[in-house]
Amino acid sequence: MNITLIATAKFGLETVVKQEVQALGFEEIVVSDGRIEFTATLADIPKANLWLRTADRVLLKIAEFPAHTFDDLFEQTKALPWEDWITQNGKFTVNAKTHKSALKSGRSCQSIVKKAVVERLKTAYQIDWFPETGVAFTIQLALVRNTALLTLDTSGVGLHKRGYREEAGKAPLKETFAAGLVQLSYWQPDRLLLDPMCGSGTILIEAAMLGRNIAPGLHRSFAAEGWPIVPAEAWVLARQEAQNAILPSGNLQLQGSDSDPTAIEIARSNATKAGVADDIQFQVKDVRKLWIDRKFGIVITNPPYGIRLAEYRELNSIYLALNKMFRKKDGWSVYVLTADQKFPSYFKRAKPNRVRKLYNGTIQTNYYQYYGRKPPNR
Ligand SMILES: C[S@@+](CC[C@H](N)C(=O)[O-])C[C@H]1O[C@@H](n2cnc3c(N)ncnc32)[C@H](O)[C@@H]1O
């Protein structure tokens, strides 16, 4: 049976998620704001969850219909075959968001949907009372411009939770977001990658996992793992395949530094938990004292934003150090994520080749991209 899955994505990362979906072999891909829809089978749910690096969640699309009133929402929700998905003893919650719609209260929509699903299941299973002792299901309602999208969340905890980061350090990037920064750059696994303000090491750990083809979800569980409709062997098979796909370490050139010794300690511990400790060299070093002798390489970094972490004067001296370090190194591509729009006036090698607007959580940031010369013989 064909189903439609939706990979949800942060603003600005839709293209990357689409490329990942394509690379996994899925077809009939439709991209809209924050959503990448594609056709799959139930047995593909494990693969999508295990492998998507930049998506926030994988949702199973149940239906999409216009809903201007509570009656519309109730009747159309009740008409759906929920019994095909939710078991008789299933425990289910509803999350609802509304945006630019006649029905404005998320909470009211939530109870309408819950009521409609209960009504449907009561008739389908011919019972009056639900024990809710079984597997958990989360129904999501997104009501946008009076169109209701009903989905079941197959991921559970957000996909950024890979399981390797118990300690986050200061102002860490979400793992999915860091994976997006790497994939938006021209870094390839045979190239040197440096993060001179690496904090808890998220960018480098994500690059290492990408470079060694380690499925980001290999060490965690997912909501749909308990669902009877997804064949249990599909999970076993997808995990086995992911395990067999891992490339050996020893071929990557990943370097991270930070002035804070605690951050480096955390980065090392996270890299160990992610199974990539041997792929990254970490050191405690102030970026203003860093010396680079290699002609070619790639920097991806997010300096402190100033508002939260460093005094502004210190921040300016960091920008000046980056400028000094890379002004004459045109073999280096430099990617800097910052909310500070003054950054380009300090980094004078050239104008950025591209500036992407991205949201790091709720903070609007720019991803400044300065392209360097390609190394010879590539
Ligand atoms: C926004 S955080 C980076 C977070 C990181 N991307 C992560 O995911 O954990 C900025 C980092 O810059 C470091 N930092 C601040 N001043 C520095 C300096 N002068 N030299 C090197 N690192 C510095 C801080 O210790 C902090 O870890």
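I count Ala, Val, Leu, Ile, Met, Phe, Trp, Tyr, Cys and Pro as nonpolar, Asp, Glu, Lys and Arg as charged, and the others, Gly among them, as polar. The model I am reading is predicted.

**Ligand shell.** I looked up what surrounds the ligand and found 24 residues, the closest being Pro172, Met197, Gly199, Ser200 and Thr202. Sorted by class, the shell holds 13 nonpolar, six polar and five charged residues.

**Helix H6.** I then turned to H6, residues 202-211. Nine of its 10 residues are buried, so the helix is largely enclosed by the rest of the structure. I list the buried ones as Thr202, Ile203, Leu204, Ile205, Glu206, Ala207, Ala208, Met209 and Gly211. Their cover includes helices H5 and H8 (261-274), together with strands E8 (193-195), E9 (254-258), E10 (280-284) and E11 (297-301). Just after H6, I note a positive phi of about 55° at Asn213.

**Helix H1.** In H1 (residues 14-23), I find Glu14, Val16, Val17, Lys18, Glu20 and Val21 buried. Among the elements covering them are strands E1 (2-8), E2 (27-32) and E3 (35-41) and helix H5 (175-183).

**H3 against H4.** I checked the axes of H3 (residues 70-78) and H4 (residues 106-125): they come within 8 Å and cross at roughly 35°. The crossing is right-handed. H3 contributes Phe70, Leu73, Phe74, Thr77 and Lys78 to the contact, and H4 contributes Cys109, Ile112, Val113, Lys115, Ala116, Val117, Glu119 and Arg120. By class I record eight nonpolar, one polar and four charged residues in this contact.

How values were computed: Residues are numbered from 1 along each chain as its sequence is written. This is a predicted model: local features need pLDDT of at least 70, side-chain atom pairs count only at pLDDT 80 or more; totals for chains, interfaces and linings use all residues. A residue is near a molecule or strand if its C-beta atom, placed from the backbone, lies within 6 Å of it. Axes are lines fitted to C-alpha atoms, for helices over the stretch in contact, and angles run from 0 to 180 degrees between N-to-C directions. Helices (H or I, at least four residues) and strands (E, at least two) are DSSP runs, numbered from the N terminus. A crossing is left-handed if the near helix is turned anticlockwise from the far one by less than a right angle, and right-handed if clockwise. Two residues are in contact if their C-beta atoms, placed from the backbone, lie within 7 Å. A residue is buried if 20 or more other C-beta atoms lie within 10 Å of its own, exposed if 12 or fewer, and partly exposed in between; C-beta atoms are placed from the backbone.
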